[in-house]
Structures are given as structure tokens and as C-alpha cells.
Amino acid sequence: MRMIETDPEPFVRGIIDGNRRMIAKTITLIESNLRAHQQTAISVMEKILPRTGNSIRLGVTGVPGVGKSTFIENLGVYLADKGHRVAVLAVDPSSQRSGGSILGDKTRMEKLSAHANAFIRPSPAGETLGGVAAKTREIMLICEAAGFDVILVETVGVGQSETSVAAMVDFFLVLMIAGAGDELQGIKKGVLELADGIAINKADGENLKAVEKTKGGLEAAMHLLRPETPTWFTPVLTCSSLVEGGTKKVWETVLDHHQKFKASKEFLQRRKKQSLNWMWTLVEEGLKQRFKRNEKINQAIPLISRQVEDERMTPAAAAEKLLSYL
Ligand SMILES: Nc1nc2c(ncn2[C@@H]2O[C@H](COP(=O)(O)OP(=O)(O)O)[C@@H](O)[C@H]2O)c(=O)[nH]1
Ligand SMILES: [Mg+2]
């Protein structure tokens, strides 16, 4: 194994220069579990922080097969052709269990991955969703410091991963497909509440009629939800990733949202809130990790557990006692 140097400067300079090898090396630091690497990563992040934030962050979710990767390929190529620099990231907590990431299969993004203006990174592996999301968030900041002005984050529509991606993007897009029966099947209502936009994908060929019907149903459903802000009412769009420019309308909606949120000052407010929430998530994660690793606590657990089981100690007193060792 090669040593990774502990001086943050070469990493910082490499990122700012947009040097892909150094960007990749920095991501390796971020993903490493070694204490020395993490320490260097923290210094690098601190130094690049003033250069981050200048991008539009778009999160894309939806059940497997809905067409997220194809959508990102289509939109990414459209934007990269226009001169945008596009970074594609993923949050997939299942990736290391199933052995393959949602973006591991790069053949799905053949054109985009070959584009000079694009950078594609599969989901980092991690013990917890919080860990995976935190790493993705830092990788996003690295990409911004390197000059990428559009960040596309793909996540699977299962578990809690949507919530963590919604918490790191400016626009959270839920992709759906027109289906037989209950259109809301397989999608949790909570996800619609997180959505800044819904797009019914595969609006092409024989699907078109079903798409229009689903659109009507979804619009009715969305009217039952109270919008979070008077600035924006979550629209239901349609798109096709099979035709060139088939995702353009969705992007125009993202830009419209961006302009309105900037004008109302909600853009920065949202980002500030997200940063604070992220801090607290990391505090919680850190506390849990410290608790689990604490030797005194680990020694005390068997005895205290027994006392609780035998009703010689209340659960509350036991918890208090264990926490007091921190
Ligand atoms: N007809 C049609 N098929 C699509 C469209 N987008 C994706 N697909 C197909 O749907 C399948 C799943 O797409 P994929 O992007 O891998 O979905 P993901 O699991 O959500 O990332 C693939 O076979 C795609 O070719 C579309 O706009 N129209
Ligand atoms: Mg995919």
C-alpha cells in the first residue's frame, strides 16, 4: 500500500486546480477509516470550505428501475454539452451488502462518463447511512471547490436514504412511472412531502396515455399536501430519458425554483439549516460511536444489564450510569 501524505496542501491545491487524480486521492482520504487519513481530510475540508457552495445541487430518488441513472445520464449530457461541469454522486447504503453500487454499473452512463465536463463517483461504502451520507456530502463539497457547478445525487428509494439526500440538496426530485393500479404504491407519502418536484419518467411511446392519467392523480394528491413555503408549489412534470433533451423541462423547473428561492432568500436559509442539521447528525453519530467504543462502558454493560433484568436497577438509572462513563 502506498502511503498517503499528511500534508493537506497538495490536496487543496490539486482540488482547486481541478486535478482529477488529486480529487480522487482526496476522496480516498474521506473514505478511509484510518485516523491519520481522517485528520488530513478534515484539514483539507477546512481549507477548501470558502470555495464551496457555488453549484446547484439536485437530488434524484425513486424506486429501483424508475430510470434514475438514465435520467441523470440524459440530463448530465445535456448540461455538460452546454458547458456546465457536472458531478454525479450516489448515496446507496445497500451498495456494499449487495456487492454493487447503483452507479457501479457505469455502462448506464456511458456517454456522461466519457464527457470531459463530467465526474462520476459511486456511493461510498459505510457502516451506517449517516456515515455514507456524510462522506457523500464532503465529496460534494470537494467537487464544488474543484469547479463543478452542477451536482447530481442519485439515491435509491428505499430506507431512509431519501431523507439524508433531501437534506443535502437544493432541489429534491422524485421520479415515478405510470403504473397499473395505485400510483402511490411503493412510494411513501413522506417522500412526496420532501419533494420539490415530481417527474413521471418514461413518458414516451405507449406509456404516454398512462402517464397523463398518473399525472392527474398525482396532482390531486399533491393538492392535499400543504406547501412548506408560499414561494413554491411542488409541480408534477413528465419526462423521457430516451430522447435527447427529454429532461430539459425538468431542468428548467430546477432553475425556476433556484431563482425564486434566491429572490426570497430561502436559498441560503435552506443551506444554513442543512449545515446545522448535518452538524447535529454528526454529533449524534459521534456520540454513538464513542459510546460503543468506550472500554469502561463495555466492561460495565453485562453487570448493569443483569441488574436491569433482575429489576435491581431501573432502565433509567442504568442508562444514566452508562452515560456517566462518557
Ligand atoms: N421507455 C423508457 N425507458 C426508460 C427510460 N429511462 C430509463 N428507462 C429504462 O428503465 C430501466 C431502468 O433504468 P435505470 O436508469 O437503471 O433505473 P434506476 O434503477 O432508477 O437507476 C432501463 O432498462 C432503462 O433503459 C425512459 O425515459 N423511457
Ligand atoms: Mg440507478
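Contact here means heavy atoms within 4.5 Å. Helices (H or I, at least four residues) and strands (E, at least two) are DSSP runs, numbered from the N terminus. This is a predicted model, in which local features need pLDDT of at least 70, side-chain atom pairs count only at pLDDT 80 or more, and totals for chains, interfaces and linings use all residues. Residues are numbered from 1 along each chain as its sequence is written, chains are lettered from A and ligands numbered from 1 in the order in which they are written, and side-chain values use heavy atoms, with hydrogens and water left out. An open sheet is formed by seven strands with parallel pairing.

**Helices H13 and H14**

- In H13, Ile 297, Ala 300, Ile 301, Ile 304 and Val 308 meet Pro 315, Ala 318, Lys 321 and Leu 322 of H14.
- The residues of this contact divide into eight nonpolar, no polar and one charged; Ala, Val, Leu, Ile, Met, Phe, Trp, Tyr, Cys and Pro count as nonpolar, Asp, Glu, Lys and Arg as charged, and the others, Gly among them, as polar.
- The axes of H13 (residues 295-309) and H14 (residues 315-324) come within 10 Å and cross at roughly 170°. H13 is therefore roughly antiparallel to H14.
- Axes are lines fitted to C-alpha atoms, for helices over the stretch in contact, and angles run from 0 to 180 degrees between N-to-C directions.
- Angles under 35 degrees count as roughly parallel, over 145 as roughly antiparallel, 65 to 115 as roughly perpendicular and the rest as oblique.

**The sheet**

- The strand order is S3-S2-S4-S1-S5-S6-S7. Strands S3 (118-120) and S7 (236-238) are the edges, each pairing on one side only.
- Two strands pair if DSSP finds at least two bridges between them.
- Neighbouring strands of this sheet are turned by 25° against each other on average, direction ignored.
- S2 and S3 pair in the parallel sense over three bridges, and Ile 120 in S3 is the bridge partner of Val 88.
- S2 also runs parallel to S4, joined to S4 by six bridges; Val 86 stands opposite Val 150 in S4.
- Five bridges pair S5 (residues 171-177) with S6 (residues 197-201) in the parallel sense, with Val 174 opposite Ile 198 in S6.
- Buried means under 20% relative accessible area, exposed over 50%, partly exposed in between (1.4 Å probe, protein chains only).
- Six of the six residues of S2 are buried, so this strand is largely enclosed by the rest of the structure. On one side these are Val 86, Val 88 and Ala 90, and on the other Ala 87, Leu 89 and Val 91.

**Helices on the sheet**

- H7 lies across S1 (56-61), S2 (86-91), S3 and S4 (150-155), and runs at about 175° to S2.
- H10 (residues 208-223) packs on the sheet and touches S5, S6 and S7; the direction of H10 makes about 165° with that of S7.

**Helix H1**

- H1 (residues 9-16) has Phe 11, Val 12, Gly 14 and Ile 15 buried.
- Seen down the axis of H1, the buried residues fall within an arc of 165°, so they line one face of the helix; the arc is that of the directions from the helix axis to the C-beta atoms.
- These buried residues pack against H2 (20-31), H3 (35-48) and H7 (129-145).
- After H1 comes Gly 18, whose phi is positive, near 75°.

**Individual buried residues**

For each residue below, contacts leave aside residues up to four places away in sequence.

- Ala 80, in H4 (residues 68-81), is buried at 2% relative accessibility and is in contact with Val 86, His 115 and Asn 117. Ala 80 and Val 150 are 70 residues apart in sequence and 9.2 Å apart in space, C-alpha to C-alpha.
- Ser 164, in H8 (residues 161-166), is buried with a relative accessible area of 18% and touches Val 91, Leu 129 and Ala 133.
- Val 191 belongs to H9 (residues 189-194) and counts as buried at 5% relative accessibility; Thr 61, Glu 162, Phe 172 and Val 174 are in contact with Val 191.
- Arg 271 lies in H12 (residues 266-293) and counts as buried at 10% relative accessibility. Arg 271 touches Gly 53, Ser 55, Arg 57, Glu 144 and Asp 170.
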